[in-house]
Every structure is written in structure tokens, then in C-alpha cells.
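This briefing is meant to be read with the sequence and the 3D view side by side. Begin with the display below, then follow the points one topic at a time.

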Amino acid sequence: MSHEAYDVVVIGGGISGLSYAYYSLKKGMRVAVVERGSLGGKIRTVNMGGSITEAGPEEIVDGPAIRGLISELGLGDRVIAPSASRFYLLYDGGRLVEVPEGVAAGVPRPSPGLLRAFLWGPLGPLDLFRAMLEPFKRPELGEDPSGHDLLSGLFGEGITSGLFETIIGNIYGGSLRRMSSEVYFPYILGPKKRGDSVLLRYMKGMASFGLLSFRDGLSELVKAIVNAINGLGVKAFEGTSVMQVKRDGEAFRVITASGALEAKRVAIATPVHEAVHFMPDYSEHLSWISRMIERTKVAVVNLAYEKGSLKDSRASGFLSSPASFGLSGCTFMENKWRRGGGSCIIRCFVPYSYFTPGGSALAERASGLLSGLGLVDGKPYAYDVSNFTYAIPIYRPGFRPASRWTISGLPPTLVPLGEFLGTTGIYSSISYALTRTQAGSEPKGSP
Ligand SMILES: Cc1cc2nc3c(=O)[nH]c(=O)nc-3n(C[C@H](O)[C@H](O)[C@H](O)COP(=O)(O)OP(=O)(O)OC[C@H]3O[C@@H](n4cnc5c(N)ncnc54)[C@H](O)[C@@H]3O)c2cc1C
């Protein structure tokens with residue numbers, strides 16, 4: 001690897017970097033991807049006792065960008081949807097409460113089931129009444145209110161702390177009070193600013209979410225993109241760390257332990273706190289972005305039980321308030337995804353503040369909680385614990401990284417992607433990479 005020249009060098013081979021590489025190659029560019037670990041980044045599917053489970057993300061929000069990619073990659077017949085999400089459980093101060101079809105995989109859907117959950121579940125009828133007043137509410141919404149201010153202003157404090165905090169705690173491991181509505185709830189903030197009712201739009205199905213995965217897990221998507229980019233002539237350097245990116249006239253030199261690459265454009269698909277180290281020339285601007293993005297830590301604990309250990313054969317999992325329970329959510333993989341397999345895998349999601357890292361201790365605690373709740377018989381025969389750092393943009397009025405083409409102080413030929421910007425979620429990573437490679441989004445003078 002010495003002094004090879006590319007149109008684009010992508011740093012970081014997670015889903016953001018891989019999809020950006022794919023869309024750039026399709027435009028005929030010469031592309032290299034440099035990845036410190038293995039391609040796929042946080043996406044890692046593991047096989048435990050013949051059953052498929054995810055060590056990282058579990059599902060993708062459905063929508064046009066992922067459907068387009070799936071069809072281009074020929075993965076259409078590999079897609080699966082969650083099958084048992086009608087039976088979610090919310091944990092409330094030691095009590096498991098069945099939430100009928102109202103909450104599907106963490107996303108509340110308007111349905112009779114959700115309404116019933118209000119009436120006899122952890123929330124009360126008064127909370128429901130307050131939430132139903134949303135169409136009449138016109139709160140003062142600043143440019144970018146925190147998620148908590150937005151949701152409690154519209155739906156009331158009860159539903160915000162009892163339902164949304166639980167869901168968000170599960171999905172992002174972060175607090176609503178520190179999350180930007182502009183980034184996380186554009187589908188609520190936007191309509192409300194225009195004077196629309198969020199509830200009525202939701203009821204009409206305008207904001208519905210579907211979720212998907214693949215028969216062999218999310219790694220199947222990674223493998224398909226890697227095959228596609230290989231076919232399009234990418235140069236991929238796996239197990240290679242970028243040590244420095246230096247400006248070289250109008251171009252860049254990307255320096256790694258095994259040589260240097262010349263690039264007209266560099267796409268940064270690593271979290272910003274990593275980029276601070278290899279881009280010292282831009283440290284001032286990067287530290288500024290870094291201060292706007294919070295990093296939370298989560299662990300995913302996969303517990304493998306003998307087949308049939310799960311006492312409730314219909315349950316697909318539960319969400320809990322991490323503050324009261326320590327686990328923010330569990331998925332019963334086999335029931336939810338119906339892939340079949342040899343074991344019963346229970347996947348638990350643990351925010352960092354609730355555990356002291358240590359694989360076996362964490363697995364023991366999670367399995368103790370599950371059997372304490374009466375959900376499983378016996379002990380797990382194997383476990384897998386993965387720790388992750390999440391990047392989440394925190395609430396700062398005026399900071400809208402994902403909607404900007406350039407960040408002030410960075411040349412337009414440095415393209416920030418995914419977690420560099422605090423973008424969370426596979427869907428947003430792919431759709432952002434796609435948008436950045438579409439005609440009209442190219443900065444002048446770029447390749
Ligand atoms: C536990 C967990 C559960 C999640 N669940 C979901 C879910 O169900 N659905 C969903 O949509 N999203 C989920 N997410 C979020 C989703 O995983 C991320 O948004 C997405 O995977 C980020 O992709 P990325 O490519 O931006 O970053 P990453 O996957 O983090 O990729 C960045 C890459 O950069 C590499 N890198 C870093 N520094 C260097 C360097 N110096 N040189 C070379 N390479 C470098 C890293 O090794 C890494 O591979 C979850 C995240 C976690 C942690």
C-alpha cells in the first residue's frame with residue numbers, strides 16, 4: 001500500500017462507510033475502504049448453539065433507502081420481519097405488564113392494544129387523556145427543543161417518563177432530556193411546527209414504522225455489500241488503522257501503518273472521537289463537534305438456554321425502565337424472528353451506567369433477573385457479551401449536523417458520515433450515505 005491514488009478513501013468500514021463506498025463505486029469512482037477491525041463495524045451476527053443472534057444492532061427501520069439497497073443487492077427473498085411483536089412486556093417497578101399489539105419492537109403504534117395498555121397497564125387513564133389532547137396543543141417550540149420538552153409538552157409528563165423514556169432508554173441508552181428533537185424526532189417536530197397534529201397523522205398511518213432483518217441476521221447485509229463493492233473493484237484494507245489524514249494541496253494523504261493512500265476526497269465514517277486522533281490538523285473543529293455528541297456505553301448480553309426454556313412461548317421480549325431494573329430491554333430472539341435453531345437465545349440490552357464491565361458477572365446478573373421474573377427455566381449454558389460505545393447527539397440548539405452538507409472549518413472534500421455526526425441507526429446511516437453521493441450534493445470541484 002504505497003502512494004496509491006483514489007477518488008475516495010473511506011475511513012471506517014461500518015455500515016456508513018460500506019454504503020458510501022458502494023454508492024460511490026456505482027458512480028464509477030476509484031474507492032478504497034480502510035477499516036481498523038472487521039468490515040461491518042457494530043453489526044455482528046453470532047451463532048450460538050445453532051441459533052442466530054445479534055451482538056450489536058438487531059433490526060433495521062424499513063423505508064425506501066433500505067428497500068432500494070436490498071433490491072439492488074438481490075436480498076429481497078432473504079428479508080424477514082419480526083413475528084411475535086404483538087406480545088411485548090413492559091416492566092414497571094417489579095411487575096411485568098403485558099402490552100398487547102400496541103408496542104411493536106419498541107415503537108408505539110396506535111391501536112386498541114396500546115389504548116388498553118393505558119387503561120390497565122403502567123400508565124393511567126389520565127395519562128391517556130392528556131396524550132389525547134395533543135391535537136389541541138400549540139406549545140412554544142424553540143429551534144431544537146430537547147426530546148423531553150417536545151414530548152412532555154405534547155403528550156404530558158406521565159406518558160413521557162412512563163413510556164417514551166423507557167423506549168428511548170432501551171434504544172439509545174440515553175436520556176430524553178439531553179437528546180435533540182431535530183435529530184431524533186423530526187417526524188414529530190416538523191409536523192408540529194407546521195401546526196399539524198402528530199397524533200392524527202400517526203393514526204392515519206403516516207408515521208408508521210416497519211422493522212426488518214435477514215434470515216441469517218444483519219451480517220447478511222454486510223456480506224452482500226462487501227461482495228458488491230468487491231465486484232465493483234473496491235480496495236478494502238481490513239485490520240488497518242488510519243493514523244493520520246494530511247492535506248496535500250487540494251488532495252489528502254491517508255497514512256496507515258502499512259503505507260499511505262492519496263485521495264481527492266476522504267469520507268470519515270468513524271465516530272468523531274476517533275477522528276480527533278487521526279486528523280490533528282482539524283482538531284479544533286472536531287473537538288467542537290465532539291462536545292456536541294455524547295457517548296453512551298451499552299452492553300449486549302446474549303444468553304443461550306436449552307430449547308424450550310422460555311416459559312412464555314409467545315413472548316418476543318420486554319422493555320423496562322433501566323433506572324428501575326438495570327436492563328433496558330430483552331428480545332427473545334427465536335420467538336421474535338422465527339429463524340429456528342438449536343437454542344433459546346435471550347438478548348439483553350444493558351446501559352453502561354447500570355453495570356460494572358465484566359462478562360461473566362453481567363451474564364449471571366442478567367440470567368438471575370430473567371429467572372427472578374419467572375421467564376425462564378434453568379440456567380444458560382453459554383453467553384456472549386459485547387460492549388459498545390454509542391454516539392448520540394445531545395440537545396444543543398442550533399446544532400444540526402446531519403442536515404448540513406459541510407461542517408464549518410472542514411473542506412467540502414472531507415465527507416463526514418454516520419457516527420461521526422452522531423447519526424444513530426442503520427437506516428439513517430444508509431440513507432445519509434446515499435444522499436451524499438447523489439447528483440447535486442457534490443461540492444464544486446470534487447471528483
Ligand atoms: C447495542 C447496539 C444496538 C443497536 N441497535 C440498533 C438497531 O437495532 N437498529 C439500528 O438501526 N441501529 C442500531 N444501533 C445503532 C447502529 O449500530 C449504528 O448506528 C450503526 O451501526 C453505525 O454504523 P457506522 O458505520 O456509522 O459506525 P460503526 O459501525 O461504529 O463503524 C465505524 C468503524 O470505524 C472503524 N474505525 C474507527 N477508527 C478507525 C481508524 N482510526 N482507522 C480505521 N477504522 C477505524 C471502527 O473499527 C468501525 O468498524 C445499535 C447500536 C448498538 C451499539
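P57 lies in the loop between β4 (51-54) and β5; helices (H or I, at least four residues) and strands (E, at least two) are DSSP runs, numbered from the N terminus. This is a predicted model, in which local features need pLDDT of at least 70, side-chain atom pairs count only at pLDDT 80 or more, and totals for chains, interfaces and linings use all residues. Residues are numbered from 1 along each chain as its sequence is written.

**P57 and what lies around it**

- With 19 C-beta neighbours inside 10 Å, P57 counts as partly exposed. A residue is buried if 20 or more other C-beta atoms lie within 10 Å of its own, exposed if 12 or fewer, and partly exposed in between, with C-beta atoms placed from the backbone.
- Leaving out residues up to four places away in sequence, P57 touches K42, I43, L218 and I426. Two residues are in contact if their C-beta atoms, placed from the backbone, lie within 7 Å.
- P57 and L218 are 161 residues apart along the chain, while their C-alpha atoms are separated by 7.9 Å.

- I43 sits in the loop between β2 and β3.
- I43 is buried, with 22 other C-beta atoms within 10 Å.
- Not counting residues up to four places away in sequence, I43 touches I15, G56, P57, L218, S219 and V222.
- The C-alpha atoms of I43 and E58 are separated by 8.3 Å, and these residues are 15 apart along the chain.

**The ligand shell**

- The ligand is surrounded by 36 residues, and the closest are G12, G14, G41, P57 and G418. A residue is near a molecule or strand if its C-beta atom, placed from the backbone, lies within 6 Å of it.
- The shell around the ligand holds 15 nonpolar, 14 polar and seven charged residues. Ala, Val, Leu, Ile, Met, Phe, Trp, Tyr, Cys and Pro count as nonpolar, Asp, Glu, Lys and Arg as charged, and the others, Gly among them, as polar.
- At least two residues of the shell come from each of α1 (15-26), β2 (31-35), α11 (272-278), β16 (293-306), β20 (382-393) and α16 (426-436).
- Domain 1 (2-42 + 215-292 + 395-436) and domain 2 (45-84 + 294-392) each give at least three residues to the shell; the domain bounds come from an automatic or database domain assignment.

**Helix α1**

- Eleven of the twelve residues of α1 are buried, so the helix is largely enclosed by the rest of the structure. Among them are I15, G17, Y20 and L25.
- The twelve residues of α1 should span 16 Å at 1.5 Å a residue, and the end C-alpha atoms are 16 Å apart, which agrees. The expected span of a helix is 1.5 Å times one less than its number of residues.
- After α1 comes G28, which has a positive phi near 90 degrees.

**Strands and their partners**

- All five residues of β2 are buried. On one side of β2 are V31, V33 and E35, and on the other are A32 and V34.
- In a regular strand the side chains alternate between the two faces of the sheet.
- β2 pairs in the parallel sense with β12 (residues 235-238) over four bridges, and V34 stands opposite F237 in β12. Two strands pair if DSSP finds at least two bridges between them.
- β3 (residues 45-48) and β4 run antiparallel and are joined by four bridges, with T45 opposite E54 in β4.
- The hairpin of β3 and β4 has two residues between the strands, and G49 there takes a positive phi near 55 degrees.
- An open sheet of three strands has the order β5-β11-β6, with antiparallel pairing. β5 (60-61) and β6 (79-80) stand at the edges with a single partner strand each, so one side of each is left without a neighbour in the sheet.
- Two bridges link β5 and β11 (residues 211-214), and L211 in β11 is the bridge partner of V61.

**The chain as a whole**

- The chain has 16 helices and 21 strands.
- Of the 447 residues in the chain, 47% are buried.
- Among contacts in the chain between residues at least 6 apart in sequence, 71% join residues at least 24 apart.
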